Amino acid sequence: DVTDVHDLRRLLDERAQFYDLLGKSAAMQQIYQQIRAVARVDSTVLIEGETGTGKELVARAIHAASHRKEKPFIAVNCAGLTESLLASQLFGHKRGAFTGAIEDHQGLFEAANGGTLLLDEIGDIPMTLQNQLLRVLQEREIVRLGETRPRKIDVRLLAATHRSLSDEVAKGNF
């Protein structure tokens, strides 16, 4: 029966593709299962892997499989920005907070509100910014540069790195 063949092919295709990830090996099936499990809980997730292994694809799959899938998914490469620019991008700033701040600017945490923010290459973030991120994780609030009033946020935070963060912690870098 042609319908049975079609149904079997569809099932095989579903096993070989999970959101934008491809593969049907046992290892990939295990990754798909881990993504499903992690997507159900609203906790912060660290994705480690070598450059080019698809860490952002995994992050997008976690977001797409979660209850936040209808809200924004925003990814930022932390290695490509200076400390001050990254702080402004993440937390936003008030007009006049620094030279060139001619208007209020919403940061990526606020822009991702209700959704997911991926901090790619989190291992490259300077220590001072790490302290600010710790506060965001603990209190679920941010303070724009140049302001003193905290703003509540509802963001799922995913982080990715090619570095071994446990090694970086041991060295005192993270």
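## Salt bridges in the model

A search of the whole structure finds 10 salt bridges, a salt bridge being a side-chain nitrogen of Lys or Arg within 4 Å of a carboxyl oxygen of Asp or Glu. Side chains of opposite charge can pair when their charged atoms come close. The structure is a predicted model, in which local features need pLDDT of at least 70 and side-chain atom pairs count only at pLDDT 80 or more, while totals for chains, interfaces and linings use all residues. Residues are numbered from 1 along each chain as its sequence is written, and side-chain values use heavy atoms, with hydrogens and water left out.

One of the salt bridges joins the side chains of Arg68 and Asp42, at 2.7 Å from N to O. Arg68 sits in the loop between helix H3 (55-64) and strand E4 (73-77), and Asp42 in the loop between helix H2 (26-40) and strand E3 (45-48), so the pair ties together parts that are 26 residues apart in sequence. Arg68 is buried, with a relative accessible area of 4%, whereas Asp42 is partly exposed at 37%. Here buried means under 20% relative accessible area, exposed over 50%, and partly exposed in between, using a 1.4 Å probe and protein chains only.

## A pair within helix H3

Arg60 and Glu56 also meet in a salt bridge through their side chains, at 2.9 Å from N to O. Both residues belong to helix H3 and are 4 residues apart, so about one helical turn separates them. Arg60 is partly exposed, with a relative accessible area of 38%, and Glu56 is partly exposed at 29%.

Arg151 is found in strand E9 (residues 151-152). Its relative accessible area is 19%, so Arg151 counts as buried. Glu147 is buried too. The side chains of Arg151 and Glu147 meet in a salt bridge of 3.0 Å, N to O. Glu110, Arg144, Glu147 and Arg151 are linked in a network of salt bridges.

The side chain of Arg151 also has a polar contact of 3.5 Å with that of Glu110. A polar contact is a pair of N or O atoms within 3.5 Å; within protein, one must be able to donate a hydrogen and the other to accept it, and residues adjacent in sequence count only if both atoms are side-chain atoms. Leaving aside neighbours within four places in sequence, Arg151 is in contact (heavy atoms within 4.5 Å) with Glu110, Arg140, Glu141, Ile142 and Arg144.

Arg156 is placed in strand E10. With a relative accessible area of 2%, Arg156 is buried. A polar atom of the Arg156 side chain lies 3.0 Å from the backbone oxygen of Val38, and one lies 3.1 Å from the backbone oxygen of Val41. Not counting residues up to four places away in sequence, Arg156 touches a list of residues that includes Asp42 and Arg68, the two partners of the salt bridge described above.

Asp120 is located in strand E7 (residues 116-120). Asp120 is buried, with a relative accessible area of 15%. Asp120 and Asn77 are 43 residues apart along the chain, yet their C-alpha atoms are separated by 4.7 Å. Apart from neighbours within four places in sequence, the contacts of Asp120 include Lys55, Glu56, Asn77 and Ala160.

## The largest pocket

Rolling a probe the size of a water molecule over the atoms shows where empty space is left. The largest pocket holds about 200 Å³ of space. On a 1 Å grid over the protein atoms alone, a pocket is an open set of points where a 1.4 Å probe fits, with protein on both sides within 12 Å along at least five of seven lines; lining residues have an atom within 4 Å of a point. Grid points are joined across faces, edges and corners, and the volume is the space filled by probe spheres set on the points.

Among the lining residues are Thr44, Ile122, Gln130, Leu137, Leu157 and Phe174. Helix H6 (127-139) and strand E10 (156-161) each supply at least two residues of the lining, and H6 gives the most, with 5 residues. The lining divides into 7 nonpolar, 3 polar and no charged residues.

## The chain overall

The chain has 7 helices and 10 strands. Helices (H or I, at least four residues) and strands (E, at least two) are DSSP runs, numbered from the N terminus. Of its 174 residues, 37% count as buried.

Technical notes:
Nonpolar A, V, L, I, M, F, W, Y, C, P; charged D, E, K, R; others polar.
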